[in-house]
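Colleague: I have some questions about how the labels in this model were assigned. Can we take them one at a time?

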Amino acid sequence: MGALEIIFGIILLLFSLAIIIVVLLQEGNQKNLGVVTGGADTFLSKHKARSVDAFLARWTKFIAIGFFVLVIVVNVVLYFTA
């Protein structure tokens, strides 16, 4: 296993952990079923557009797109360097 494979593996591991953490921090779709926060009816739940959930949902999309692009790039690079 070369250094390039190890570096790509570590980066993919960090992306996958980031996706897991961001998804677990989000509230559930049903009322009072939040995964981490307990689902309490708070000020943030009344103002969804500017809430933490909107922020986490936006970052979930960015991290997921980055993860898929990185997987494709890693496969292409390792295919042509092997």
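**Labels and their cut-offs**

Modeller: From the N terminus on, the elements of the protein run α-α-α. That is 3 helices and 0 strands. This is a predicted model, so local features need pLDDT of at least 70 and side-chain atom pairs count only at pLDDT 80 or more, while totals for chains, interfaces and linings use all residues. Residues are numbered from 1 along each chain as its sequence is written, and side-chain values use heavy atoms, with hydrogens and water left out.

Colleague: What makes a stretch a helix or a strand here?

Modeller: Both are DSSP runs, numbered from the N terminus: a helix is H or I over at least four residues, a strand is E over at least two. Helix H3 has 30 residues.

Colleague: Why is Thr-60 called buried?

Modeller: Buried means under 20% relative accessible area, exposed over 50%, partly exposed in between (1.4 Å probe, protein chains only). Thr-60 has 19%, so Thr-60 is buried. Thr-60 sits in H3, residues 52-81. Other buried residues of H3 include Leu-56 and Ile-63.

Colleague: And why is Ile-19 only partly exposed?

Modeller: Ile-19 has 22% relative accessibility, so Ile-19 counts as partly exposed. Ile-19 is in helix H1.

Colleague: Where does the side chain of Thr-60 reach?

Modeller: The Thr-60 side chain comes to 2.7 Å from the backbone oxygen of Leu-56.

Colleague: How much of the protein is buried?

Modeller: Of its 82 residues, 15% count as buried.

Colleague: How many of the contacts between residues at least 6 apart in sequence join residues at least 24 apart?

Modeller: The share is 66%.

How values were computed
Contact means heavy atoms within 4.5 Å. A polar contact is a pair of N or O atoms within 3.5 Å; within protein, one must be able to donate a hydrogen and the other to accept it, and residues adjacent in sequence count only if both atoms are side-chain atoms. The expected span of a helix is 1.5 Å times one less than its number of residues.
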